[in-house]
Amino acid sequence: MRYIIRSLKYLIFISVLYVILTAVMTYISYPQVDLWMMLKMQMLTERGIMLVVALVVLSLFYPRFGFMSRTVANCTFANDVVRIDNAMALYGFELEREEGGIRYYRAKGFFRRLTFFYEDRIEVREAEGVVVIEGIRRAVARIAFQLEAYIHNSRFEEK
């Protein structure tokens, strides 16, 4: 179910983006033409139909390549929870809740959440001496890289 919701969100986002771009192009190039007439003319052509099919296919596959899971070695909640929280805070995420050994983080602020299409939940769980981070690809990749740097630099901290 989550996969379908993510696909629909992305389809709506990319459709709204297309309408906005078409409106800007229509306003600049043909100010006397109505936006809806321009969209109708575009969608009734062969290229318009191919564009719609391409948008639907892209949105169907978006959850496959838009989300990921990343493992950070030598990291545990017992030793590195502050480092995890700092890596999350650096990229604008805050702890939402913790239950069942999983920490859930959400983006701070309305606009930050909107940039993630409200798919801004990052799940962090511990598994046998590693931490697994799951969520939207661009956030998880950055957070995992930052957390690995924190873990690597922790060797030089005074104890």
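**View 1. Where helix α4 bends.** The bend at a residue is the angle between axes fitted to the seven residues ending there and the seven starting there. Here, in a predicted model, α4 bends by about 30° at Arg83. This helix covers residues 77–90, so to speak 14 residues end to end, and it spans 18 Å from its first C-alpha to its last, close to the 20 Å expected at 1.5 Å a residue. Just after α4 comes Gly92, with a positive phi of about 85°.

**View 2. The buried side of α4.** Tucked away in this helix are Phe77, Asp80, Arg83, Ile84, Ala87 and Met88, which are buried. An α-helix has 3.6 residues a turn, so residues three or four places apart point the same way. The cover over the buried residues of α4 includes the strands β2 (93–99), β3 (102–107), β4 (122–127) and β5, along with helix α6 (137–153).

**View 3. The largest pocket.** This one holds about 200 Å³ of space. Thirteen residues line the pocket, and Arg2, Arg6, Glu119, Arg121 and Glu123 sit closest to its centre. Two or more lining residues come from each of α1 (2–29), β1 (67–73) and β5 (130–136), with β1 giving the most, at 3 residues. Sorted by class, the lining has 8 charged, 3 nonpolar and 2 polar residues.

View 4. Around it you'll find Tyr91, Phe93, Arg112, Phe116, Ala139 and Arg142. That makes 4 nonpolar and 2 charged lining residues, and no polar ones.

How values were computed: Residues numbered from 1 in each chain as written. Predicted model: local features only at pLDDT ≥ 70, side-chain atom pairs only at ≥ 80, totals over all residues. Heavy atoms only, no water. 1 Å grid on protein atoms, 1.4 Å probe; cavity = no way out; pocket = protein on both sides within 12 Å on 5 of 7 lines; lining within 4 Å. Points joined across faces, edges and corners; volume = space filled by probe spheres on them. Helix = DSSP H or I, 4+ residues; strand = E, 2+ residues; numbered from the N terminus. Nonpolar A, V, L, I, M, F, W, Y, C, P; charged D, E, K, R; others polar. Expected span 1.5 Å × (residues − 1). Buried < 20%, exposed > 50% of the residue type's maximum accessible area, 1.4 Å probe, protein only. Contact = heavy atoms within 4.5 Å.
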